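Subject: Structure handover and findings

Hello,

Here is the structure for your files. My notes on what was found follow below it.

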Amino acid sequence: MVHLIGFGDPARAAAWLAKLQPLQWADPLDRADRAGAVAGLTATLEANPDPTERKQCTYWIAKLLSAMTGPDHIKAVANVFLFDLNDALSTTGALAWSRGILLEGAREALQRLYDANPLDGAAARDLAFSHGRLAQFHLQQREQARALDHFRSCAALLERLDAANNQDIRGALGHIRQMIRQLTSGDTGENSATSDVAAEYPS
């Protein structure tokens, strides 16, 4: 996949990554391929210690999202960014800037899907999840104000879904409301920064 992007074919690279993501829990071979793709992208970033080159490489990877057109493929690539790639990049603080750019790129892609169909509960849930991941990221960077903004956006989306009396959604909403209370009361949220906010979301 890294070679496909390098050869100027991000559309094929993105399509391949999108094909792998929905099968991540089904086929061991597909899981291995996906893990290899993520490892390749991470290694590409790590191999560029120069800030300018790493920035260029980050935007190069982000093009995977803009290369997709179908909603299912966009969601699949966004999920790879939110789950696999985010987790891989979180092991080193040196890649925090790249991690933030890719998380925001995934959120923007999911925002477009939601804007196209605001009544789609799955699109609202996915967008809420992306805000949760960004909130967690900003807490880890000690950027409480930005984290609070994302927690509030996440809560607004979950509150709409809670009307369906979904217990999983209700549990996630309770967690997000607790984080908002902590941050608005002056708590820095540092004790929660290492907890996986994403774990509170229904799959």
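How many disulfides does the count come to? The count is 0 disulfides, where a disulfide would need a pair of cysteine sulfur atoms within 2.5 Å. Cys57 is buried, at a relative accessible area of 6%. Cys154 is buried too, and its relative accessible area is 0%. Please keep in mind throughout that this is a predicted model.

Overall layout

The chain has 9 helices and 0 strands. Read from the N terminus, its elements run α-α-α-α-α-α-α-α-α. The chain has 203 residues, and 46% of them count as buried.

Aromatic pairs

There are 2 aromatic pairs in the structure. One joins Tyr59 and Trp97: the ring centres are 5.8 Å apart and the planes stand at 90°, so this pair is edge-to-face. Tyr59 belongs to helix 4 (residues 51-66) and Trp97 to helix 6, so the pair ties together parts that lie 38 residues apart in sequence. Tyr59 is partly exposed, with 39% relative accessibility, and Trp97 is partly exposed as well, with 41%.

The other pair is Phe83 with Phe129. Their ring centres are 5.0 Å apart and their planes are at 15°, so the pair counts as stacked; the limit for that label is planes under 30 degrees apart. Phe83 sits in helix 5 and Phe129 in helix 7, so parts 46 residues apart in sequence are tied together by this pair.

Second largest pocket

The second largest pocket has a volume of about 180 Å³. Which helices each supply at least two residues of its lining? They are helix 5 (71-89), helix 6 (96-116) and helix 7 (121-140). The lining consists of Pro71, Asp72, Lys75, Leu110, Leu113, Ala116, Asp120, Ala122, Ala123 and Asp126. By class, the lining residues comprise 6 nonpolar, no polar and 4 charged.

Two single residues

Arg142 is not a glycine, yet it has a positive phi of about 60°. Where does Arg142 lie? Arg142 is in the loop between helix 7 and helix 8 (144-161). With 59% relative accessibility, Arg142 counts as exposed, the cut-off for that being over 50%.

Gln178 is found in helix 9 (residues 167-184). Its relative accessible area is 38%, so Gln178 is partly exposed. Between Gln178 and Phe151 the separation is 27 residues in sequence and 9.9 Å in space, taken C-alpha to C-alpha.

In brief

For your notebook: a predicted model with 9 helices and 0 strands, 0 disulfides and 2 aromatic pairs. The second largest pocket, at about 180 Å³, has a lining with 4 charged residues and no polar ones.

Regards

Terms used
Residues are numbered from 1 along each chain as its sequence is written. This is a predicted model: local features need pLDDT of at least 70, side-chain atom pairs count only at pLDDT 80 or more; totals for chains, interfaces and linings use all residues. Side-chain values use heavy atoms; hydrogens and water are left out. Buried means under 20% relative accessible area, exposed over 50%, partly exposed in between (1.4 Å probe, protein chains only). On a 1 Å grid over the protein atoms alone, a cavity is a set of points where a 1.4 Å probe fits but cannot get out, and a pocket is an open set with protein on both sides within 12 Å along at least five of seven lines; lining residues have an atom within 4 Å of a point. Grid points are joined across faces, edges and corners, and a volume is the space filled by probe spheres set on the points. Helices (H or I, at least four residues) and strands (E, at least two) are DSSP runs, numbered from the N terminus. Ala, Val, Leu, Ile, Met, Phe, Trp, Tyr, Cys and Pro count as nonpolar, Asp, Glu, Lys and Arg as charged, and the others, Gly among them, as polar. Rings of Phe, Tyr and Trp (its six-membered ring) pair if their centres lie within 6.5 Å; planes under 30 degrees apart count as stacked, over 60 as edge-to-face and the rest as tilted.
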